[in-house]
Amino acid sequence: MANYTITRHTENIHAYGCTQFSTNQIEGQTATNGGPLDSTIVWDIKADQGFSISIDDFSFTGASSMNVPATIPASTSWENLPSPILFAQMVQISTVLIRVTLYLSPDPTQPGFNFGNSFVMPGTDINTVVAIEGCAKIAGHSMRLWFNEPTGNNTITEITINPNLEKRLLQEGEGDGGLKSHEVVGTLPPQALDKVASSSGDYLMSYVVVAESGYRYKSVPTLTINSKLYNVESFTQLTPSEYKEGENNITGVRFEIYKK
Amino acid sequence: MAYYPKKYKKEETVRVDKIKLEAVEEIKKKEKAIETTEKATAAIKAVDGVRPANPDQNVYVASGVDTYSQQGLTDLGIYLPIETTSQEEIQRIIETIEVAPATPVVSFDLNYDIELIPVPDMDKIYSLTTVENNIWDKPDFEYTDDDSQKPYELKNFINQNGKDFSISVSGAERTEFRLAIFNETDNTYYSWEEVDSVDVDAATSEESIISSIGFYHGERYFSGVIPASGRQIIPVSIPASSSEVCYRIGFVKVDSQDLMGKGATDYGSILPIFRGSNPPLYKLTQLPQSSTTITLSESFLSSNITGALTISHPPGSLLNNSISTLGKYDISLSFNPRDKVSLSASASNGILNNDHVLADDFEDSQTEILNMDLIASVSDSNVCKIVGTITLGKSSLRPSTINFDTAMIFTTNADLT
């Protein structure tokens with residue numbers, strides 16, 4: 001399932017055929033901007049509910065990506081598309097909308113689109129297949145995590161957020177124990193479908209639990225979660241005993257927290 | 001561990017600085033957006049007035065949402081340039097954006113069971129025992145309340161042949177200790193190292209050097225270190241002795257200047273230590289061969305007793321376990337007094353029992369009498385006799401005497417009248 005739909009961006013001046021993806025033209029008409037045979041065909045790629053899309057994840061099958069200066073909003077430019085399309089552009093309108101523009105004539109206002117011949121409607125119907133490849137991602141969502149700890153128990157805790165998410169997630173709390181010893185709030189970025197519900201998921205943060213000097217844990221500390229959306233991997237910290245050779249003490253654990 | 005709070009503070013500082021920087025950037029962005037908006041408004045005014053001259057009018061959604069500045073669009077997740085984007089298009093794009101529901105709290109509950117890391121004892125001695133049973137006597141502290149009595153009860157001893165046994169010292173691993181055995185009888189100390197001594201042949205006057213372990217003058221001790229097993233076994237060989245010897249066993253405290261930086265060894269409060277009267281040292285007693293003599297007590301009647309029987313036996317042996325005697329001995333004691341005597345009223349029928357034996361002050365130093373079949377009699381020629389058999393049990397530890405009470409068994413005729 002693609003998790004997105006492609007529709008044509010309709011305009012009043014167009015005479016559409018049996019579907020919005022076809023227009024009726026008169027033989028000899030030449031593709032011009034705003035003319036009877038419009039030089040641009042505009043499609044909208046819209047993400048389904050709960051998904052988001054990015055131009056970085058979409059491409060035209062068989063076409064070549066053009067190296068053009070960065071634009072605002074972000075866009076990608078393409079050439080070597082099926083005739084009679086000269087160029088194409090994908091523009092990131094929003095997190096759920098990509099606007100695709102197919103050019104039937106050169107457009108000097110667009111970097112690199114200034115060569116080639118404008119399309120002239122021949123005496124026979126033209127049917128062109130433009131293949132688009134791309135995947136939607138699960139839309140990023142807000143999250144609110146509480147880390148609840150026993151109080152006053154000779155343990156130090158610390159949370160280190162994935163550096164890539166530091167601008168999205170905010171951590172509060174000093175880890176002094178009790179309800180909400182730490183709180184992490186923020187909005188997660190879109191998540192690739194192949195990571196969704198996978199065992200590992202996307203790495204969010206490390207939650208480090210360390211015993212104070214002179215203390216050890218009788219067993220490896222555990223972290224229980226009231227949600228199936230998150231996955232935790234734990235890594236035990238063992239410290240060699242000062243008093244007994246070959247014996248280790250459990251002095252800490254690092255929990256790696258993932259969003260499934 | 002203590003660096004964590006400091007780290008938090010540092011992060012806090014960094015965060016504040018970061019927030020300040022972000023605020024500055026935010027202001028710059030807004031200023032730029034306002035500038036862009038002003039330019040766009042001016043441009044629109046100059047063209048055809050599609051947009052209202054007042055930017056506060058015709059703003060999409062009357063809810064305070066800013067759709068008229070570049071920053072406002074960016075905040076809405078719309079990346080189109082404000083100059084070329086109509087309000088209708090903004091409205092259409094906003095309608096495609098999903099409204100996020102309220103965020104539920106996800107709880108991560110940490111559970112653990114923490115304890116102090118056990119610190120093993122160091123430089124501590126736990127016990128002083130022997131591998132073999134019944135070698136020495138520990139002081140009986142109940143006796144110490146009464147200064148007139150010794151704090152020991154002789155329960156254990158070794159015989160005149162000496163004994164090889166092993167002392168066991170338990171303690172914390174790597175604890176150093178010093179153990180000494182002192183011969184109280186001749187003021188010598190046991191040496192675990194061979195000591196050279198010169199032996200002179202009396203006949204030839206030739207001298208030879210003999211190396212041996214044993215007791216020597218001058219303080220000597222065993223210097224040991226508790227191994228990983230927590231117990232060190234120390235062999236001891238007590239030499240033979242024909243006389244009773246008393247040995248004292250205890251630890252020797254290490255002088256602080258000898259410790260080389262190590263902590264002083266802790267022997268606790270009940271282990272025996274030299275150079276101190278409390279707690280008392282352990283006592284090892286070596287007893288020679290013992291004996292039991294059966295006779296009649298000396299009295300004015302009995303000056304020349306014949307037939308006294310002396311039984312030689314190891315101290316504390318069970319004479320009734322002897323295969324040859326079964327503890328049964330024939331007795332024939334007699335004396336011939338000057339005065340005419342006869343059996344006393346307490347032995348009128350001549351049959352003797354334990355009542356006719358003089359009680360010893362210390363019952364445990366007397367050989368046990370299991371049975372007696374003894375008849376006392378006085379012959380016509382005035383010879384007093386005790387004849388029969390006596391069966392003995394556990395023998396005395398030291399030489400002892402079973403004294404039949406002459407004055408109780410026999411009496412002069414004058415007494416009878």
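Q: What makes a run of residues a strand, and in which strand is A:F87 found?
A: A strand is a DSSP run of E with at least two residues, numbered from the N terminus. In this predicted model, A:F87 is found in strand β7 of chain A.

Q: Why is A:F87 called buried?
A: The criterion is 20 or more other C-beta atoms within 10 Å. A:F87 has 25 such atoms within 10 Å and is therefore buried.

Q: With which residues is A:F87 in contact, leaving aside its neighbours within four places in sequence?
A: Contact requires C-beta atoms within 7 Å. With those neighbours left aside, A:F87 is in contact with A:S77, A:W78, A:E79, A:Y103 and A:F113. The C-alpha atoms of A:F87 and A:F115 are separated by 9.8 Å, and these two residues lie 28 apart along the chain.

Q: What makes a set of residues a nonpolar core, and which members of the largest one touch the most other members?
A: Such a core consists of buried nonpolar residues joined through C-beta atoms within 7 Å. The largest has 37 residues, of which A:I53, A:A88, A:I98 and A:Y103 touch the most other members. The elements giving two or more residues to this core are β2, β7 and β8 of chain A together with α3 of chain B. β8(A) gives the most, with five residues. Apart from this core lies another, of 28 residues, including B:I125 and B:L179.

Q: Which residues does A:A88 touch, not counting residues up to four places away in sequence?
A: With those residues not counted, A:A88 touches A:F60, A:A63, A:W78, A:L81, A:V100, A:T101, A:L102 and A:Y103.

Q: Why are β1 and β5 of chain A said to stand at the edges?
A: Six strands of chain A form an open sheet in the order β1-β2-β8-β7-β6-β5, with antiparallel pairing. β1 and β5 each have a single partner strand, so one side of each is left without a neighbour in the sheet. The twist averages 25 degrees from one strand to the next.

Q: How do you know that β5(A) and β6 of chain A pair?
A: Pairing requires at least two bridges. β5(A) and β6 of chain A are joined in the antiparallel sense over three bridges, and A:S65 stands opposite A:W78 in β6(A).

Q: What makes β16(A) and β2 of chain B a pair of strands?
A: The threshold is again at least two bridges. β16(A) and β2 of chain B have three, in the antiparallel sense. Within this pair of strands, A:Y217 stands opposite B:I114 in β2(B).

Q: How many residues does the contact take from chain A and from chain B?
A: The contact takes 50 residues from chain A and 29 residues from chain B. β11(A) gives the most to the side of chain A that touches chain B, with eight residues. The residues of that side divide into 23 nonpolar, 19 polar and eight charged.

Q: Why do β3 and β9 of chain B stand at the edges?
A: Three strands of chain B form an open sheet in the order β3-β4-β9, and the pairing is antiparallel. β3 and β9 each have a single partner strand, so one side of each is left without a neighbour in the sheet. β3(B) pairs with β4 of chain B over five bridges, against a requirement of at least two. Here B:L128 stands opposite B:V169 in β4(B).

Notes. Residues are numbered from 1 along each chain as its sequence is written. Chains are lettered from A and ligands numbered from 1 in the order in which they are written. This is a predicted model: local features need pLDDT of at least 70, side-chain atom pairs count only at pLDDT 80 or more; totals for chains, interfaces and linings use all residues. Two residues are in contact if their C-beta atoms, placed from the backbone, lie within 7 Å. Helices (H or I, at least four residues) and strands (E, at least two) are DSSP runs, numbered from the N terminus. Ala, Val, Leu, Ile, Met, Phe, Trp, Tyr, Cys and Pro count as nonpolar, Asp, Glu, Lys and Arg as charged, and the others, Gly among them, as polar. A residue is buried if 20 or more other C-beta atoms lie within 10 Å of its own, exposed if 12 or fewer, and partly exposed in between; C-beta atoms are placed from the backbone. Axes are lines fitted to C-alpha atoms, for helices over the stretch in contact, and angles run from 0 to 180 degrees between N-to-C directions.
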